[in-house]
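Work through the exercises below with the sequence and the model open. Each task is followed by its solution.

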Amino acid sequence: MRRSSNLRRLLVAMLAVASFAAAGCGGGDPGAQSTDRKPGEKITMTFWSWVPGVDKAVDLWNSKNPDVQVKLEKIPSGSNGGYAKIHSALKANQAPDLAQIEYQAIPEFLLEDGLVDLKPLGADQHRGDFVDWQWEQGVFGDGVYAIPQASGPMAMFYRADLFEKWGIAPPKTWDEYEQAARTIRQKDPNAYIATFPPGNSAWFTSLAAQAGAHWFGVSGDTWQVNMDDPKTIQVAQYWDRMRADGLIKTDPDFQNGWYSDLQSGRIATWVSAQWGDAILSGNAPDTAGKWRVAPMPQWTAGGTASANWGGSSTAVLKGARYPKEAMQFALWLNTDPQSIDLLIAGGYGWPAAKGAFQGSALDKPYDFFGGQKINDVFATADQNIDKSWKWIPTTTAMYENLNVGFRDAAAGRGSFADSVRAAQGKTVADLQAKGLQVKEG
Amino acid sequence: MTTTATAPARAESTRPRRAAPRRRRGRLAPWGFLAPFGVLFLLLFLAPIGYAVYQSLIRIDRSGPLGLGRAREVFGGLENYSRAVSDPAFVASIGRVLLFAAVQVPLMIVLSTVLALLLDSASARWPGLFRGVYFLPYGVPGVIATILWGFLYVPGVSPIVDGLTAMGLPVDLLGGGSVLWSIANIVTWAFAGYNMLVIIAQLKAIPGELLEAATVDGAGPLRTVWHVKLPLVRPALVLTTVFTIIGTLQLFAEPLVLKPLSTAISFTYTPNLSAFNEAFNNNNYGLAAAESVLLALGAFVLSFGFLRLTGRRRR
Amino acid sequence: MTASLRSRILVTALLGVIALYFLLPVYWLVIASTKSTGSLFGSSGMWFSDMRFLTNMANVFTYDGGVYLRWAANSVVYAFVGATASTLLSAAAGYALAKFAFRGRETVFNLVLGGVLVPATALALPLYLMFAKLGLANTYWAVLLPSLVNPFGVYLLRIYTAAAVPDDVLEAGRIDGASEARIFFSVVLRMVTPGLVTVFLFQFVGIWNNYFLPLVMLSDPKLYPITLGLTSWQSFADRQPELYQLTIGGAFVSVVPLMIVTAVLQRFWRAGLTEGSVKG
């Protein structure tokens, strides 16, 4: 029976190996201890980001800091899979030391215990270097969880040449905007004033904020959700009207079709954030010199309200081995004037560092915009943003709730206003399903 | 060993006694051969299923200021399942893939069978060439096929769409009503040749005498197909249908790659997309696990049921 | 039996039209891979405009430090190692199920068959969580280990082995004093080679084309197979338009050789499937 006992032993051995492996002998290192760097010790930190131009800033840091090197890894933009990657990495204990986290995503990373509190590392001393509302985006309870990088004050990009051809003055109010939309449709049956992208509810969120809506807040330990307030419904119904009257397109933005429309004049305006200039110049290069920037259309004549779209921070992720050095890199990246200039050249947005605008690369005429100093418009816009806007830990799901409804509305089923109401209920449910306390209104 | 050189493929042994030698080998030999696959099957197949079921029964309890403090996993019962089935978007996604399967599976099988029969018929010239061409798309990964067809669907880039528009037939292949069928087109394009090959293999195995007998009896090509060929390729048809059912219910890569191009595709377009989204974008692992389990059960039931149905009729 | 000339012309013409359908995206790909980004969106997709094929190819291979070659190598490793190992494992398991009568055999076989019916995507998420706990996520193992399990291969090889290996050959081997392992490796494997090749090719293509598993498991671009790498380029393309051309060029490089290989090797598929279906 020797053969069978050999086999028996083989079998037992295999099972033993298998169960050993299954018991998790290896395992990631859940409590990777953060340590202090010893003087002269060479370390490398990883940084995940998608912002164009950040590689040049990282190169600059690396040339100046031979002992503290940063390895940049490009990931898809947050809502296009970047955050999913970061969440997966955190769950597998393989997170990078630093990552790009937009303001609206900070609470969701906090919920997954993914961010390092920078207050014990002395972050508060640098509070004064940054625009306060952007600093506040990273503050929760008693801790500081992110270093602000940039924001996106909004204005209106418009084709000045086409407006002149059609005899339209840049609209100052949303009523005038609607009028302009009608005129455009009359003058050129192939042209539209803009598209309402059903898959980009972040844009809609900013428009609601401009109208004065406050969707989210906290009261004690309870989260508050108030998406279907009258101001938001007003904005939704406005775009519903435009859609019903055929005044706007409902195609996705940031896509070939949209770029082609921008290039060919089939879309004449884009209400967008400051970082949109790089999007236009990069994807519609043949229209150089034809665009201008004007303040956002207003709900009340003579108003100056603007809104913020996007904006992100640099955060240190849980598991980072050298959080102090990571924080120092983050601070340098977002306040050093040379770094800021490199980031501006890449089109990263409006610097969060105080006083960064004057004398920076932003403070100049833009050839693409026919020599206009576009950032004067954005600087004013930046002063007129409602700074008290807060986010919830399920922003991704909230955006998707809106997207689903908007997509149906664009296909003719329902309205944008109905989508907002439906999204309100779903968002409350999302938060409750996470085990959080929620209140409506 | 001398016997190997003269071993034809004989299915039956002519030796009278087979039981006695087996006892000598020991009864553990088969387990030894089964073990490597078996252990991995256990660890990497059964264990994840078990883990998914476990995960689907978990709920997260939070404490601390604003709930951002400690999180604990507690037993939540069927909470995730009830959440999944009471979400109209998820239920709609199930309906959508069922509709997709109901249309796409017959379409695929019919097309593959017709192609196989055409290539097998005497009227076809250059069958080998055409076979190669039809099988070509199988070598293209689904995502890449979707990227390619995506370019062929976008107006302004696609020669097809632009051509039709120029002829006065503006067509929107990525809109709400049509994108599902645009996806069906991609899946058909990718797998029809593969399924066709499976059926051809079965066709080639039909004994020539049967076909000759049919001709002698006066049956034309169409009657031969209906009464001789089709019944005899039944096993291949069953096999390809089952795999097509399982594949279509799992639809994931095609809608995901087309998503940025189409306003009609959201993360709840198919159940798989929904589970993926809940897990990786929303960090709702319990809900994602429940949705995966529901999807797996559905696919299992449908394919098993189909096998049962076709098996029973044969007897 | 000869068919009439008319039916031959009709059928062949029909086959030709269908062939155009299957070739359309490939044709588009060949044309598109010669264009620059500008003419990609500007000119008609059906014919060439500016010829920049060599430049495009060079860009594909040199972009980002030659990461495309890394992806190609990864695909080859995943597919080749995965298919070889899983074929061997499936052969052993199929042999056990085909040629040994033991208690629980049918249960095991039904379990394996059940495994064929379970969608692989349902497994990927819990596998990811399990691997994450074991520290295996985002490693080569994360994609290789699941590829080793091939229930369909076991099913195919069980049928094939049962038919292709006569019992008396095995008896003779045992009488001669050969060990079970020796019989398996020297005798059985040689007799089921066509089946092995079929299962290997199925699994190779399956792993090569796999998207969901690597998508879920991998986040380090250096570990990506080509499928994941190309979609990642495409996802960056709206911010960096040159990536459209790179994606197309990369798709061209990955698709054309593999298609030629599958077209040439389709006779192996056919051979293996014919054997399997005759006996099945």
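Two residues are in contact if their C-beta atoms, placed from the backbone, lie within 7 Å. This is a predicted model, in which local features need pLDDT of at least 70 and side-chain atom pairs count only at pLDDT 80 or more, while totals for chains, interfaces and linings use all residues. Residues are numbered from 1 along each chain as its sequence is written, and chains are lettered from A and ligands numbered from 1 in the order in which they are written.

**Exercise 1.** Describe how α2 (residues 29-56) of chain B packs on α3 (residues 53-99) of chain C.

Solution. The axes lie 8 Å apart, at an angle of about 135°. Axes are lines fitted to C-alpha atoms, for helices over the stretch in contact, and angles run from 0 to 180 degrees between N-to-C directions. Angles under 35 degrees count as roughly parallel, over 145 as roughly antiparallel, 65 to 115 as roughly perpendicular and the rest as oblique. The two helices, α2(B) and α3(C), are therefore oblique to each other. Residues of α2(B) in this contact include Phe33(B), Leu34(B) and Phe37(B), and those of α3(C) include Leu89(C), Ala92(C) and Tyr95(C). By class, the contact of α2(B) with α3(C) has 11 nonpolar, two polar and no charged residues.

**Exercise 2.** Which elements give two or more residues to the side of chain A that touches chain C?

Solution. Start with the totals: 21 residues of chain A are in contact with 16 residues of chain C. The elements are α3 (82-91), α10 (256-264) and α11 (276-283) of chain A. Of these, α3(A) gives the most, with four residues. This side of chain A divides into five nonpolar, 13 polar and three charged residues.

**Exercise 3.** Summarise the fold of chain A in counts and dimensions.

Solution. Chain A has 16 helices and 14 strands. Its C-alpha trace spans about 95 × 55 × 50 Å along the principal axes.

Key: Ala, Val, Leu, Ile, Met, Phe, Trp, Tyr, Cys and Pro count as nonpolar, Asp, Glu, Lys and Arg as charged, and the others, Gly among them, as polar.
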